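Let's take a friendly walk through this structure, one part at a time. Have a look at it first, and then read on.

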Amino acid sequence: MADLSTDFLGIRSPNPYWLASAPPTDKQINVLRAFEAGWGGVVWKTLGSQVKNVSSRYSAVDYHGSRVMGLNNIELISDRPLDLNLKEIRECIRLFPDRAMVVSLMADNDRQSWQELIKKVEDTGAHGLELNFGCPHGMTERGMGAAVGQDPEIARLVVEWVMEVASIPVITKLTPNVHSVVPTGRAAVEAGSQALSLINTIQSVTGVDLDTFIPNPNVGGKSTFGGYCGPAVKPIALKMLTTIAQDPVTAKVPVSGIGGISTWKDAAEFMLLGSTSVQVCTAVMKQGFRIIEDLCEGLSNWMDEKGFARTTDFIGRSVPTLTHWEDLDMNYHIVARIDPAKCIHCGLCYIACEDASHQSIQLTPGNPYNTYTIKEPECVGCNLCKLICPVDDCITMVEQRLGEEYLNWKEFQQRGLPLNDH
Amino acid sequence: MAILPHRLTDPEYAQNFSDIHPPFETRNAALIDANRCLFCYDAPCTKSCPTGIDVPKFIQQIATDNLKGSAHTILSSNIMGAGCSRVCPVEKLCEGACVYNLMEEEPIPIARLQRWSTEKAIADRWPIFQRAASTGKKVAVVGAGPSGLSLAHVLARSGVDVTIYEKETKGGGLMTYGIAAYKVTPEFCEDELNYILSIGGITIRYEQELGRDIRLDELQQQYDAVFLAFGVGLARRLDIPGEDLAGMVDALRFIYDIRANGYPSVPVGDKVAVIGMGMTAIDAATQARRLGAAEVTLVYRRTQEEMPCTTAELDIALLDGCRILWLTAPTAALGENGRLTQLLCSRMRLGDPDNSGRRAPIDTGETVTLQVDMVIKAAGQVPFAGLVAGSGLAQDKGRIVVGPGGGVGATDGSTDRSGVFAGGDCVNGGKEVVDAVQAGKDAAAAILNYLGVTKK
């Protein structure tokens, strides 16, 4: 049995799964239920400036019969009284001392507000602080949330205020609503933030109601830009995570990965690209706390299969394999192969290749089943057919190197090798 | 033992004849299956449909909430797409070809999805087709069955006025009169017919029979072209002693009575034998059971290997408690006081293949005697030989001979007389509704070409 326990700057949790700062972590009743279910830790829903929320608050993108591929929200930070939150945080720590309790913060944009808030939160016995520099709606108009995260210098200033008083680890949460998360990440680390978490939600409009013509979510006939999360944002989050893991400044601090994590596989991928812990929200909003069982068991079984005794054995392991395009090996060449015994003759590979790729699949008519074969000299090894094929391992990509040696683009150009040979 | 009507109560009839393949109840239910469709290219399901319905397209249109588009996709290939979704032997057509079968998975329920779109079109009278401006051309059709209606709709869309002469009091042909009532109800057949006619330009004259009320040469004089689609006649005779005893009935007549007169009024025996193993034999046997027959035995001279019905149909009969006697052929009907009491049969074995390519049954000399009070004959149907002979058209054993069409197995419906076309069962000897619809489409194209009218 693999050891899933996690040590994040001394914040210990029995597994790497934390609930992200969001509705599932906004009060004692939820958090105790989460801990009972087995969650490793929580990031308590953001405390700070007093707010009031609207109704409705969420909208979603469904895809091909599946609900909530992506979730959008226009909810603000906690709208409960600060004292009540602090009291409940203290109680949750008392009842579950082995779980991570990190508190998300977003104070009014001045030194005093931040520092007073931090003192109150530290009094609860919380193990860490997460600075919410990411919330993309509502708070930004007031100079908070993403308005801080989008400007590295403002972020640096706020982190400096925080570090003047913080005595427990500080994690800065980054907004993805920037061309790169690295500048703000660097500013936070340079200002003393001991860790980073990413990503917060992505600004979005999930859709427009085709009967009322009003975008979702509808608040009395109007809508507003919301924050998008859930499985749809995972690839974007992984990319941003990798840039943090590869930057010489930000790579020095641990990262808590966030963005569409729904399964143990997602978690393993985030950890392979540098996350020490992972945070989950949308999957729980859709299915409840009970998903923690498979999140842990699946990860543990995979680690056993791969021979990883503890999570640190593989955290960041895939980071060096993401490289610049120009460093890729141009002699590496693969071609598709269709297993006729597995083919169900759906023709999806054919029409994808014919209409959208390199016309590399031969159709031999049959009634009712056509036969499809690869025209190997035409195949560029793009993977499209394999991605489209509904049958596992029916289409495989077979390596047919163009040359023995590693040959990157720079070398290719220097040698004056021929272009456009296909 | 006796042949009696009114064997059951009304609730029992209602239960026995309720929809055997119930429709989806909700959009969600339809979407689960619609979204499972892989959207195959050059799809095997489409290629296995005699009318070539673009199945992946209409299913994707259900998934995108474009139900009108979905109905249009179906009905533009098959105007009786709603009826076909209930009566087609899909397990040997579209659903049988679904690629999921090759993954050992359940195929997409294509018929049920097709019913989802087309029933809404009919119920809400979606005006999917527009009639082109009148061309002034007039075509007469004999028979308001699937091929006649399919042809009429294509012609009406293209601005040709169509008059259909129908010998019965209702349209729809065998869809209305010849198929088990648990597959299509009379109300449904009427709704579908009215929907087809709603395009305008099609008039049906009922109780007009060729050779009795109308004559081919008169129609030729009054119209620019004539399409013969009068179907096939009653069951093939068994040619055994005792065939005229009371209790020997014709399967199509039996089904016709159920469809035309209602369940309670149709007499059925206690112990019934059904001769044959085609779709009509199954429809007769299952309905005999559902009308209250105590014992129904299907008698077939070959084996399951050669049976014309599908396995799904056989399963309906077995689930209804019908007994099957394979390799058994009737040799004589015996009676008392003119009433059937026994059916004598021979046990058969299979010999070498015959003209049909199937192994021929050979009498073993061993006999079986069935105690029966009713025998339903469903060993194939015979053409209206007299009618065809009277028309003077070229024929082959009572089937009208037509010219070859473009596709495999297709015809252009043209007879050896200019301006006279034919299609459906009176040409092919008796096939599925969906085949008749395609024959109507093929002949319509030929007639438009003959009339010099552009197809719309």
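In chain A, the C-alpha centres of domain 1 and domain 2 lie 40 Å apart. Domain 1 of chain A covers 6–321 and domain 2 covers 325–414, with bounds that come from an automatic or database domain assignment. Before we go further, please note that this is a predicted model, in which local features need pLDDT of at least 70, side-chain atom pairs count only at pLDDT 80 or more, and totals for chains, interfaces and linings use all residues. Residues are numbered from 1 along each chain as its sequence is written, while chains are lettered from A and ligands numbered from 1 in the order in which they are written.

Let's turn to the strands of chain A. Helices (H or I, at least four residues) and strands (E, at least two) are DSSP runs, numbered from the N terminus. Eight strands of chain A form a closed barrel, in the order S3-S4-S7-S8-S9-S10-S13-S14, and their pairing is parallel; two strands pair if DSSP finds at least two bridges between them. From one strand to the next, the twist averages 25 degrees. Within chain A, S13 (residues 255–258) and S14 (residues 275–280) run parallel and are joined by four bridges. Here A:Ser256 stands opposite A:Ser277 in S14(A).

Chain A also has an open sheet of four strands, S5-S6-S12-S11, with antiparallel pairing. Its edge strands in chain A are S5 (58–63) and S11 (202–204), each of which pairs on one side only. The twist in this sheet averages 45 degrees from one strand to the next. Three bridges link S6 (residues 66–73) with S12 (residues 226–229) of chain A, and these strands run antiparallel. A:Asn72 has A:Tyr228 in S12(A) as its bridge partner.

Next come the helices. H8(A) lies across S3 (17–19), S13 and S14 of chain A, running at about 145 degrees to S14(A). Axes are lines fitted to C-alpha atoms, for helices over the stretch in contact, and angles run from 0 to 180 degrees between N-to-C directions. H8 (residues 264–272) also packs against H10 (residues 292–306) of chain A at an angle of about 60 degrees, with axes 8 Å apart. H8(A) is therefore oblique to H10(A); angles under 35 degrees count as roughly parallel, over 145 as roughly antiparallel, 65 to 115 as roughly perpendicular and the rest as oblique. Where they meet, A:Trp264, A:Ala267 and A:Ala268 of H8(A) face A:Asp294, A:Leu295, A:Gly298, A:Leu299 and A:Trp302 of H10(A); two residues are in contact if their C-beta atoms, placed from the backbone, lie within 7 Å.

Another pair is H1 (residues 28–37) and H2 (residues 82–95) of chain A, whose axes come within 10 Å and cross at roughly 20 degrees. That angle is why H1(A) counts as roughly parallel to H2(A). A:Gln28, A:Val31 and A:Leu32 of H1(A) make the contact with A:Glu88, A:Glu91, A:Cys92 and A:Leu95 of H2(A). H2(A) also lies across S4 (41–48) and S7 (100–106) of chain A, at about 165 degrees to S7(A).

Finally, where does chain B come in? In all, 14 residues of chain B are in contact with 15 residues of chain A. On the chain B side, H2 (27–36) and H3 (44–47) each supply at least two residues, and H2(B) gives the most, with three residues.
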